[in-house]
Amino acid sequence: HYLIQINLRMSLNPLANPKGVKLLCELCQKPAYLQCTSCRVTYYCSEEHQKIDWVGIHEKICSLLVPLRTPIPLVSSEEERRHRQEQLLHRQKQMIDMTRTEGSKFLFEGAHEAAVPAALQALRFSIAVYGLNSVELVPAYLVLGEASIGLGRLTQAEEYLSQARWTVLKTPDCDNSIKSKMYRICGLLQAAKGNFPEALKNYSNDIYHAALDNGPRHVKTSGGYFHMANVFFRKGATEVAHNIYTEVVSIWNKLLRSVVKMEDPTPESALNSFAEKSDDQAEALDEAQEAEAIQMLHAIYDLQQSNSGYGASNMVVLLHTLALLHCHLLGYVKAQELTSEALKCAKEADLQMDLASIQQLNSYLTAKAC
């Protein structure tokens with residue numbers, strides 16, 4: 001599908017580079033011989049790299065690159081020059097935020113190759129704005145490191161993470177959020193190498209730094225717990241893993257219950273959105289965090305379906321959490337299936353637990369479907 005879309009929407013210009021002009025490929029920085037005919041400011045060494053870049057980020061930023069890569073024209077006044085420089089800086093910072101988010105989102109979706117172009121753009125714009133030695137480059141290094149792990153390029157991942165660690169080490173006032181993410185990706189690398197003790201040490205540091213800013217029971221801390229549980233599960237310590245997975249689910253259940261608000265299904269509100277957000281939580285999750293929630297909760301569900309040791313009560317909470325997630329992001333039909341499955345699980349296990357919120361959610365969705 002993507003390849004068809006590329007061929008239809010983004011054509012390429014073969015280039016004969018003038019003497020002395022060095023045009024470099026957007027992905028590999030080798031000599032480029034192809035040009036994007038839409039923006040005309042992006043170049044590639046091959047159609048393969050053009051396609052990877054298009055899927056990864058270029059489709060979203062093609063037109064945005066034109067003012068960023070077009071030289072600022074000469075103007076008469078200092079005030080006008082300053083204004084144009086401020087506009088450029090603002091656009092570059094917006095591009096950093098967008099490309100970081102896109103790269104992270106691809107990682108949570110398991111699209112490691114697609115994450116690379118976005119991370120490279122984030123790195124370039126971060127260098128342009130903050131310089132080569134700034135800690136602001138670290139998030140891009142971490143996305144590139146995680147993508148490399150996912151692609152099995154562990155040596156390359158080590159290089160990116162070494163650069164990230166060195167930059168953090170030189171920045172005494174580095175944010176805990178950056179340290180947390182750095183330790184998490186270092187944990188992923190050690191887990192990929194099979195060095196579980198070192199992986200657990202890194203995940204512990206991840207959780208510690210995330211908790212300093214957000215507390216131990218926050219969604220920004222839950223990722224460290226999730227990866228730690230994965231290591232224990234791989235080691236065969238399933239009871240420990242189940243307990244940690246349960247904590248992850250509990251954290252997300254609390255947040256999603258605050259985000260998803262139900263209204264009575266009256267005819268007047270039949271056209272209203274079911275999954276309304278409370279005022280204080282309206283911007284609680286960015287796209288990358290939403291993708292993280294989808295990836296983690298579904299991974300836990302897939303893992304626990306064949307594990308009786310997880311416990312019926314834990315499965316009911318997990319099903320409720322997934323139902324809330326589908327209400328908020330993915331659709332009502334599956335949400336209703338999940339609430340029905342949760343109630344059925346509770347009944348079959350004869351659980352003595354409060355099911356009021358699940359029953360309320362199920363009743364709303366049932367009425368909405370009628």
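Tutor: Lys 105 and Glu 102 are three residues apart in helix 4, so about one helical turn separates them. The model is predicted.

Student: What makes the pair Lys 105 and Glu 102 a salt bridge?

Tutor: Their side chains meet at 3.5 Å, N to O. The cut-off is 4 Å between a side-chain nitrogen of Lys or Arg and a carboxyl oxygen of Asp or Glu, so the pair qualifies.

Student: Why is Lys 105 called buried?

Tutor: Its relative accessibility is 17%. Buried means under 20%, so the term applies.

Student: Which other salt bridge involves Glu 102 and Lys 60?

Tutor: The side chains of Glu 102 and Lys 60 meet at 3.6 Å, N to O. Glu 102 lies in helix 4 (residues 78–108) and Lys 60 in helix 2 (residues 47–61), so the bridge ties together parts 42 residues apart in sequence.

Student: Why do Glu 102 and Lys 60 get their accessibility labels?

Tutor: Glu 102, at 7%, is buried, because buried means under 20%. Lys 60, at 38%, is partly exposed, because that label covers values between 20% and 50%.

Student: How do you know that Arg 84 and Glu 80 form a salt bridge?

Tutor: Their side chains are 2.9 Å apart, N to O, and the limit is 4 Å, so the pair counts. They sit four residues apart in helix 4, about one helical turn.

Student: What makes Asn 253 buried?

Tutor: Its relative accessibility is 7%, and the threshold is under 20%, so Asn 253 is buried. Asn 253 belongs to helix 11 (residues 238–259). Beyond its neighbours within four places in sequence, Asn 253 contacts Val 317, His 320, Thr 321 and Leu 324.

Note on methods. Residues are numbered from 1 along each chain as its sequence is written. This is a predicted model: local features need pLDDT of at least 70, side-chain atom pairs count only at pLDDT 80 or more; totals for chains, interfaces and linings use all residues. Side-chain values use heavy atoms; hydrogens and water are left out. Helices (H or I, at least four residues) and strands (E, at least two) are DSSP runs, numbered from the N terminus. Buried means under 20% relative accessible area, exposed over 50%, partly exposed in between (1.4 Å probe, protein chains only). Contact means heavy atoms within 4.5 Å.
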